[in-house]
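I opened this entry to record what I looked up about the ligand shell and the sheet.

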Amino acid sequence: MAPPGDPAVELDALVKRYGAATALDGLTLRAARGEVTALLGPNGAGKTTAIEICEGYRRADAGTVRVLGADPAAGGRDLKARVGVMPQSGGVPGTARAGEFLRLVASFHRAPLDPAALLARLGLTEHARTPFRRLSGGQQQRLSLAVAVVGRPELVFLDEPTTGLDPQARHATWELVEGLRAAGVAVVLTTHHMEEAERLADRVVIVDHGRVVAEGSPAELTGAERQLRFRARPGLGLEELLTALPAGSAAKESPAGHYLVEGDVRPELLATVTAWCASHGVLAEDLRIERRTLEDVFLELTGRELRG
Ligand SMILES: Nc1ncnc2c1ncn2[C@@H]1O[C@H](COP(=O)(O)OP(=O)(O)OP(=O)(O)O)[C@@H](O)[C@H]1O
């Protein structure tokens, strides 16, 4: 297997149109071996389309795609065996029994993982004889994940792997993904859970309207900037607080009773805020200094309006 850091996925200037709608509008990205790459983006941003092109299920209208050095649209069997895929839903025939199906998929591979151990790891042992369509939504997802990884792939695509999972299953999934990364696998996943991306991803790629709008490690994207938050009674006169703060600071109340102060958060700024609160008889509850979260960055880049 190629060394960690080597690109497993290379997409250059991908374009995909559905009639008049442009799903991908020049998307360029890399995903390396031994790393978790998280694709984030609002509904309809083009994440699934990009992944399905990598999987060879769809063809791009323009641009180039290399997956483990090959063109997925050429459909080579050898490439398919080296790539694991967990689609957004299903991917397993409804009547197939969980354990039998996993053993069948394992039998197609040269050195698969032990299906029984994998079922146990994902908490599915007692459902091994249950047909796929009778499994709960979360159990179906866990089986799809098992199917994606049982062949010891070099690259896995996981489309929203933890959506709808309970906390235990989510943690089991995260541990499995961390194990894949440690084994040098390239993991490409999509998620709408920003904490998940922050926790799991080495690289985050934020996609909007079919293009990359930002990328980097979670720490690079959230930056070193800090902000101060507290709760207090609604309607404090922030204009007056602002005059006491260093130039370049910002203060806002959103939602009511929740206050946010941004700027160069130093000890003096904290002292100014608490002194101002004290002089106005305000008890600042849950006062804390924090870094911007990935969700803050995501909303800044992609806006707050709902997507169709
Ligand atoms: N077969 C299709 N025919 C027409 N339009 C399509 C088709 N597949 C996808 N689209 C459109 O392409 C755009 C991108 O869809 P895609 O599923 O890639 O988004 P996504 O980022 O995965 O969204 P989500 O977060 O909701 O899963 C959307 O506007 C979608 O409606």
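**Ligand shell**

I looked up which element contributes the most to the shell around the ligand: α1 does, with 3 residues. I took helices (H or I, at least four residues) and strands (E, at least two) as DSSP runs, numbered from the N terminus. This is a predicted model: local features need pLDDT of at least 70, side-chain atom pairs count only at pLDDT 80 or more, and totals for chains, interfaces and linings use all residues. Residues are numbered from 1 along each chain as its sequence is written.

I listed the residues around the ligand, among them Tyr-18, Ala-21, Gly-44, Lys-47 and Thr-48; near means that the C-beta atom, placed from the backbone, lies within 6 Å of the molecule. At least two shell residues come from each of β2 (21-32) and α1 (47-54). By class I noted 4 nonpolar, 6 polar and 1 charged residues in the shell, with Ala, Val, Leu, Ile, Met, Phe, Trp, Tyr, Cys and Pro as nonpolar, Asp, Glu, Lys and Arg as charged, and the others, Gly among them, as polar.

**Sheet**

I then traced an open sheet of 6 strands with mixed pairing, in the order β5-β6-β7-β3-β8-β9; two strands pair if DSSP finds at least two bridges between them. β5 (83-86) and β9 (211-216) are at the edges with a single partner strand each, so one side of each has no neighbour in the sheet. I checked β8 (residues 203-208) against β9: they pair in the antiparallel sense over 5 bridges. Val-207 is opposite Val-212 in β9.
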